[in-house]
Amino acid sequence: MRLLNEAHSKPVTRRSPYLVTATAVAATALVGAAAVDPDSTWYRRLDKPAFQPPSWAFGAVWTPLYASLAWAGGHALQRAEGERRRALAVTLGANLVLNASWNWLFFRARSPKAGLVGTLLIDLSNVALIRRTADVDRTAARALLPYAAWCGFATALNAAIVRRNPG
């Protein structure tokens with residue numbers, strides 16, 4: 001399906017939301033990754049729980065989660081119209097900002113407590129994102145469930161680190 005972009009008088013395909021969400025998710029990954037330093041002395045000295053995955057596992061998990069987030073966002077945005085589309089885009093954008101911010105709160109600010117607040121906000125944002133997505137497309141909403149589950153796991157991990165490192 002082709003639409004006419006009236007501002008530029010040239011055709012635009014409905015695949016544009018996929019490009020937009022893929023770009024936004026990739027930017028989120030890059031901005032977040034810039035703050036991560038699992039080899040820092042500070043991070044290595046933190047008392048971590050036994051269920052802490054090895055460092056390499058985070059990249060292995062986040063890569064497909066980010067891909068599913070980009071696909072689900074593009075899929076839902078392609079189907080949404082009007083106010084629903086705008087609200088979904090804002091909710092997704094806020095979620096991505098919170099996602100990238102966590103790394104800066106935890107690693108760069110060296111604050112597990114700030115990271116915990118950040119990850120709780122991500123969890124709340126995930127609920128809102130899944131609800132808005134489900135209003136438009138249930139398949140896309142289901143594709144977000146592994147992302148939300150991993151973020152929930154990250155919250156539990158972050159909370160355990162806060163408990164084990166009170167100072």
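The model is predicted, so local features need pLDDT of at least 70 and side-chain atom pairs count only at pLDDT 80 or more, while totals for chains, interfaces and linings use all residues. Residues are numbered from 1 along each chain as its sequence is written, and side-chain values use heavy atoms, with hydrogens and water left out.

I turn to the overall build. The protein chain has 7 helices and 2 strands; these are DSSP runs numbered from the N terminus, with helices being H or I of at least four residues and strands being E of at least two. Along the sequence, the pattern reads β-β-α-α-α-α-α-α-α. The C-alpha atoms fill a box of roughly 60 × 25 × 25 Å along the principal axes.

Of the 167 residues, 41% count as buried. Here, buried means under 20% relative accessible area, exposed means over 50%, and partly exposed lies in between, with a 1.4 Å probe and protein chains only. The accessible surface of the chain comes to about 9,500 Å², and 62% of that belongs to carbon and sulfur atoms. These areas come from the Shrake-Rupley method with a 1.4 Å probe, and for residues only the protein chains shown count as cover.

As for contacts, meaning heavy atoms within 4.5 Å, consider those between residues at least 6 apart in sequence: 76% of them join residues at least 24 apart.

The next topic is salt bridges. How many does the structure hold? There are 3 salt bridges, each being a side-chain nitrogen of Lys or Arg within 4 Å of a carboxyl oxygen of Asp or Glu. Side chains of opposite charge can pair when their charged atoms come close.

Another joins Arg79 and Asp137, whose closest N and O atoms are 3.2 Å apart. Because Arg79 lies in helix 3 and Asp137 in the loop between helix 5 and helix 6 (138-143), the pair ties together parts that are 58 residues apart in sequence.

The remaining example is Arg86 with Glu83, where the closest N and O atoms are 2.9 Å apart. Both residues are in helix 4 (residues 82-108), 3 residues apart, so about one helical turn separates them. Arg86 is partly exposed, with a relative accessible area of 48%.

Let me now consider Thr155, in helix 7. Thr155 is buried, at 10% relative accessibility. Which residues does Thr155 touch, leaving aside those up to four places away in sequence? They are Leu116, Thr119, Leu120 and Asp123.

Finally, the surface. Val117, Leu121 and Leu124 form a nonpolar patch there, with about 290 Å² of accessible area together. Val117 lies in helix 5 (residues 112-136). Patches are made of residues with over 30% relative accessible area and no salt bridge, like charges being joined within 9 Å and nonpolar side chains (Val, Leu, Ile, Met, Phe, Trp, Tyr) within 5 Å.
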